[in-house]
Amino acid sequence: MSLSGPTEFEAVAADDGLAGSGLQGDGNPAPDATAPGIAGRSLWAIAWRRLRRDKLALAGGVVIVLFILAAVFADPLAALYLNIVGRGSETFATAHNTPPRNVLDELTLLPVGAFSGASAKFWLGVTPQAGLDILTNLLYGARTSLVIAGLATALSLVLGVLAGVIAGFYRGWIDGVLSRIMDVLLSFPTLLFSLALVSVSSIITTSSFARYAVIVFVLGFFSFPYIGRIVRGQVLSLREKEFVEAARSLGAGNARIMFREIAPNLVGPILVYTTLAIPNNILGEAGLSFLGVGVVPPTPSWGQMLSDAGGFIQVDPFYIFLPGLAIFITVLAFNLFGDGLRDALDPKARR
Amino acid sequence: MTSTASQPAPAATTRTGEPLLEVQGVEKYFPGRRTGLLGQKGNPVKAVDGVSFSLGTGETLGLVGESGCGKSTTGRAVSKLIEPTGGTVRFEGRDVTNLSPRQMRPLRRELQMIFQDPYSSLNPRHTIGTVIGAPFAIQGERPKGGTKRAVQGLMERVGLNPEHYNRYPHEFSGGQRQRIGIARALALRPKLIVCDEPVSALDVSVQAQVVNLLEDLQSEFGLAYIFIAHDLSVVRHISDRVAVMYLGKIMEITDRDTLYEAPMHPYTHALLSAVPVPDPTTEARREKILLTGDLPSPSNPPSGCVFHTRCPKYKNELSESEREHCRTVEPVIEEKRPGQSVYCHFPQVRSDLIDGEPGPIRTTKPKAA
């Protein structure tokens, strides 16, 4: 039979979507075998349909996309902004290194005017003393946040999924060893350790790359037990499913069972964890930078901006407000999106 | 019934040369739980305790018994999904008991399984094409005309629409899912399929369709089945021979008609008397043998005959000296009548338990064989 046209297919799809919450377990979830649409509706398609109805999560998703775009296209965006405000000759570097005249009060080195000296030339004003353009600073700070949070999350995902799958699949002493390691890491005073690690590492090298690596390691390594535990629990239940036995009865080896049969079923929890871990790591990076063990200036970071603004809170609270708002909105967006995603991926969730 | 009567007599199939599968004294003891402060090992759970049977090419052995009697464990031990702790399994004359998973891989082509739960036996993240194509991928086989064609051929053979190749398991009903499982088991053209309660999770109407499909496939491909079930009428419909299990042991094993019409073991009597008969007058008149007491723990089975604690005959008919015998001496399963082996000191033929007709499943269409 042929497809009956996109509109009808949409209608059928929408109908199923309404009944979608009874997806698993309510008797006969399967559509009539003669229903149009030869391609299967994957679980992803169903999750996407549910997600689309969740306005809050969608709003979070939009903010996340904007945040990522800002971080990736920081250079052209900054150039565009500088052009618009008539400072096209400046680059990010010069905008940083040469405090623009007439913006800072020469005596106090504070910006002239309220709201951190915001003006047509400096939309969000400049920082005190250094006189850096706050808008470009925020833009490049987004890049720092994204890179560090992204890499740290990736590190914790790789370690966590590997440890979780292996521990859950093999059980026994392997599980015991891995689980105890994870317990130890969870009870580790991470913050103190990272302060110490940065001090030690800065004796050896002060390159900003090394600093990046240390931050990513600290954030990623100490958070992998969280995902490791989630994955281990899932694998413990998945390995008892009959489809694992079926694969074994076909002659599949352990590697195939772990990564072809079990792992695809972990994508949901992993994805949800990722969207909830990224904001955590953004906060972590901001916190480390705030404490002075984050990225090295002049690389901008939101946490560093917060820290710098702390001394001027009585002069002009606007300094602390802007990076704070940036962190708040980004983290909130990721959390809303993560929550929405979790609901969308959980077939039994009802609202 | 006509459909099965047209098949060759079970005894004849068994005796054509070497049996396909020979199971001898297979045991599966699960280690006991550690208890107490010092962590002493508890008694092992004797899930399967010395099961023996053989199966010829194209033959169906029904395996029945109540929950926890070890019938599924037997099926898994035979198909080497779990390692038997004792006994031997010979497949086509070859001892496969101690083969490693790697050594087993080529044999997997010959020996497949169909699972009970059609919901958990298909990976929800794989399309039907991937599920049914998995045997080819795992065994590294490239079927003629490509995997997709082969898979779609299989789908068609088991009554699925081949256009649903890219659909996901959740888009199918229980019966359709079971057909997917059957297609997967069929892919490598095995000689033996262990069916672990393949219809227990299905609607009665769908059960009939799936059982008929299994029968059609059997005659088409010359498959042998080990058919594990607890529904006696389904087993009667499909089996050539039937083994009744209790507490990890076979109580009685014989050909289908003898088991249903002239059973000898008191446990078989009780099981058969529990099958409802469609005719209300007969149903009201006939004797129902009720088993009392709980199923004993398989980690601590009763002494002597494992069934004596619940045996109606032991309770009502035997003399004290006979009971003493039941309590102290374990019976050996042996041929009490030609082709009928029974684990009982005092077996007795009873033919008054069930009328000659098979149960409700006979309402399905006769096979056009």
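Biologist: Two residues are in contact if their C-beta atoms, placed from the backbone, lie within 7 Å. With that in hand, among contacts in chain A between residues at least 6 apart in sequence, what percentage join residues at least 24 apart?

Modeller: This is a predicted model, and in its chain A the figure is 68% of the contacts between residues at least 6 apart in sequence. For chain B, residues 24 or more positions apart account for 69% of the contacts with a separation of 6 or more.

Biologist: How many helices and strands does chain A have?

Modeller: The secondary structure of chain A comes to 16 helices and 0 strands, whereas chain B has 14 helices and 14 strands.

Biologist: And how much of each chain is buried?

Modeller: In chain A, 36% of the 351 residues count as buried, and in chain B, which has 369 residues, buried residues make up 47%.

Biologist: Let's look at the strands, then. What order do the strands of the open sheet in chain B take?

Modeller: The sheet has 4 strands in the order β4-β1-β6-β7 of chain B, and their pairing is antiparallel. Its edge strands are β4 and β7 (94–95) of chain B, each of which pairs on one side only.

Biologist: How many bridges join β1(B) to β4(B)?

Modeller: There are 8 bridges between strand β1 (residues 21–30) of chain B and β4(B), and the two strands run antiparallel. As one example of facing residues, Glu27(B) stands opposite Asp49(B) in β4(B). Strand β1(B) also pairs with strand β6 (residues 86–91) of chain B, again in the antiparallel sense, over 5 bridges, and there Glu22(B) stands opposite Arg90(B) in β6(B).

Biologist: Which residue in β7(B) is the bridge partner of Arg90(B)?

Modeller: The partner of Arg90(B) in β7(B) is Asp95(B), and 2 bridges in total join the antiparallel strands β6(B) and β7(B). These two strands form a hairpin with 2 residues between them, and Glu92(B) in the turn has a positive phi of about 50°.

Biologist: What about β8(B), which way do its residues point?

Modeller: Leu111(B) and Met113(B) point one way from β8(B), while Gln112(B) and Ile114(B) point the other way, and all are buried. Strand β8(B) runs parallel to strand β9 (residues 192–196) of chain B, joined to it by 4 bridges, and Ile114(B) stands opposite Cys195(B) in β9(B).

Biologist: Where does Thr127(B) lie?

Modeller: Thr127(B) is in the loop between β8 (111–114) and α5 (128–139) of chain B.

Biologist: Why does Thr127(B) count as partly exposed?

Modeller: Thr127(B) has 19 C-beta neighbours inside 10 Å, and a residue is buried if 20 or more other C-beta atoms lie within 10 Å of its own, exposed if 12 or fewer, and partly exposed in between. Along the chain, Thr127(B) and Glu330(B) are 203 residues apart, and their C-alpha atoms are separated by 51 Å.

Biologist: Switching to helices, how far does α7 of chain B reach?

Modeller: Helix α7 (residues 174–186) of chain B has 13 residues and reaches 18 Å from its first C-alpha to its last, close to the 18 Å expected at 1.5 Å a residue. Of the 13 residues of α7(B), 13 are buried, so the helix is largely enclosed by the rest of the structure.

Biologist: Which domains does chain B have?

Modeller: The domain assignment gives domain 1 (2–31 + 44–260) and domain 2 (263–351) of chain B, and the C-alpha centres of these two domains lie 28 Å apart. Their contact takes 23 residues from domain 1 of chain B and 21 residues from domain 2 of chain B.

Biologist: Which element gives the most to the side of domain 1 that touches domain 2?

Modeller: That is β12(B), with 7 residues. The residues on that side of domain 1 of chain B divide into 13 nonpolar, 5 polar and 5 charged.

Biologist: Last topic: which residues touch the most other members of the largest nonpolar core?

Modeller: The largest nonpolar core has 157 residues, and those touching the most other members are Ala183(B), Ile226(B), Phe227(B), Val244(B) and Ile250(B). Helix α7 (residues 134–170) of chain A supplies the largest share of this core, 14 residues. Domain 1 and domain 2 of chain B both give residues to the core, so it lies between them.

Biologist: And what does Val244(B) touch?

Modeller: Leaving out residues up to four places away in sequence, the residues that Val244(B) touches include Val64(B), Ile250(B), His265(B), Tyr267(B) and Leu271(B).

Technical notes. Residues are numbered from 1 along each chain as its sequence is written. Chains are lettered from A and ligands numbered from 1 in the order in which they are written. This is a predicted model: local features need pLDDT of at least 70, side-chain atom pairs count only at pLDDT 80 or more; totals for chains, interfaces and linings use all residues. A nonpolar core is a set of buried Ala, Val, Leu, Ile, Met, Phe, Trp, Tyr and Cys residues joined through C-beta atoms within 7 Å. Domain bounds come from an automatic or database domain assignment. The expected span of a helix is 1.5 Å times one less than its number of residues. Ala, Val, Leu, Ile, Met, Phe, Trp, Tyr, Cys and Pro count as nonpolar, Asp, Glu, Lys and Arg as charged, and the others, Gly among them, as polar. Two strands pair if DSSP finds at least two bridges between them.
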